[in-house]
Amino acid sequence: MNILFIGDVVGQKACANLREKLPFLKKEYNIDTVIVNGENSADGNGITPVSAKFLIDSGADVITTGNHCFKRKEMNDFYETSDIVIRPANFSDDVVGKGYTVLDHGKYSVCVINLLGVVFMQNLENPFRCIDRILSKVNTKVIIVDFHAEATSEKKAMGYYLAGKVSAVLGTHTHIQTADEEIIDGHTGYITDVGMTGVTDSVLGVKKEIIINNMITGYPQRYEYAEGDFHICGAVISVDEKTGICTSIKRIRY
């Protein structure tokens with residue numbers, strides 16, 4: 001089976017661009033399952049029920065999130081009722097929403113797990129301990145992990161830690177695609193960051209002039225999304241559904 005994982009979608013215009021291009025990507029790579037990180041999909045930061053439903057209607061089978069998952073209060077009820085829009089699993093158990101989901105494809109199933117890094121990020125449950133607890137409950141062979149983390153060292157360590165235990169560990173959050181895709185120990189696909197889906201001529205999707213001015217002066221700035229040509233960053237992972245072994249991982253920048 002072939003899984004398309006789309007990196008952080010930044011803003012509603014990027015969502016619209018993804019909707020336009022997604023059918024072509026699915027056809028080109030013969031995709032069976034689409035996973036989209038949508039934590040920045042709403043204009044003004046975060047994710048809303050409107051942007052989540054837009055991505056689902058566009059062809060996303062699962063939406064993962066990250067440190068901005070609770071920026072918008074209107075998402076609380078949505079997380080509570082949705083099985084395919086998930087938030088990082090290492091939030092405490094009394095927080096709304098689910099940290100992982102299992103898609104039933106008949107002959108096989110796909111488990112998608114969302115984790116948040118803790119290095120330079122929020123003080124949540126240790127993601128290594130958290131994933132151990134989840135894997136003890138999951139029976140499916142095909143397991144995809146979205147590790148939303150800042151530190152490349154933490155992401156790489158997680159890749160090695162989960163080698164042989166999951167099908168793929170895919171990094172998100174930094175919005176910059178890395179060129180280190182590999183299959184660890186002949187089993188687990190890995191990439192430190194799949195990149196973002198947004199305006200190419202920008203700093204992480206925001207107008208570059210705003211970010212440059214902020215870094216020069218130190219003054220707080222009101223962020224505005226950049227305008228211009230879009231790119232879609234992500235990865236295509238081929239997995240043997242009987243064993244859960246990743247047979248191929250290819251980063252894409254469309």
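What do the buried residues of α5 pack against? In this predicted model, they meet β5 (109-116), α4 (127-135), β6 (142-148), β7 (168-172), β8 (182-184) and β9 (188-191).

**Helix α5**
- Helix α5 spans residues 152-161, and its buried residues are Glu 154, Lys 155, Met 158 and Gly 159.
- These four sit on the same side of α5 because they cover an arc of only 140 degrees around the axis.

**The open sheet**
- Six strands, in the order β4-β5-β6-β7-β9-β8, make up an open sheet with mixed pairing.
- At the edges are β4 (100-104) and β8, each of which pairs on one side only.
- Going from one strand to the next, the twist averages 25 degrees.
- β6 and β7 run parallel and are joined by 5 bridges.
- Looking across to β7, Ile 144 has Ala 168 standing opposite.
- Helix α4 packs on the sheet, where it touches β4, β5 and β6. The direction of α4 makes about 160 degrees with that of β5.

- As a rule, nonpolar side chains in soluble globular proteins tend to be buried together.
- Here the largest nonpolar core holds 27 residues, and Leu 4, Leu 18 and Val 36 have the most contacts inside it.
- Two or more residues each come from β1 (2-6), α1 (12-28), β2 (33-37), α2 (49-58) and α3 (75-81).
- Top contributor is α1, which gives 5 residues to this core.
- Leaving aside residues up to four places away in sequence, Leu 18 touches Ile 6, Val 9, Val 36, Leu 55 and Ile 232.
- Another core, of 21 residues, lies apart from that one; among its members are Tyr 108, Val 110, Ala 168 and Val 239.

**Helix α2 and what follows**
- Pro 49, Ser 51, Ala 52, Leu 55 and Ser 58 are buried in α2.
- The cover over those buried residues includes α1, β2, β3 (62-64) and α3.
- One of the buried residues, Leu 55, is also among the contacts of Leu 18.
- Just past the end of α2 comes Gly 59, with a positive phi of about 125 degrees.

Terms used
Residues numbered from 1 in each chain as written. Predicted model: local features only at pLDDT ≥ 70, side-chain atom pairs only at ≥ 80, totals over all residues. Heavy atoms only, no water. Buried < 20%, exposed > 50% of the residue type's maximum accessible area, 1.4 Å probe, protein only. Arc of directions from axis to C-beta. Contact = heavy atoms within 4.5 Å. Core = buried A, V, L, I, M, F, W, Y, C linked by side-chain atoms within 4.5 Å. Pairing = 2+ DSSP bridges. Axes fitted to C-alpha atoms, helices over the stretch in contact; angles between N-to-C directions.
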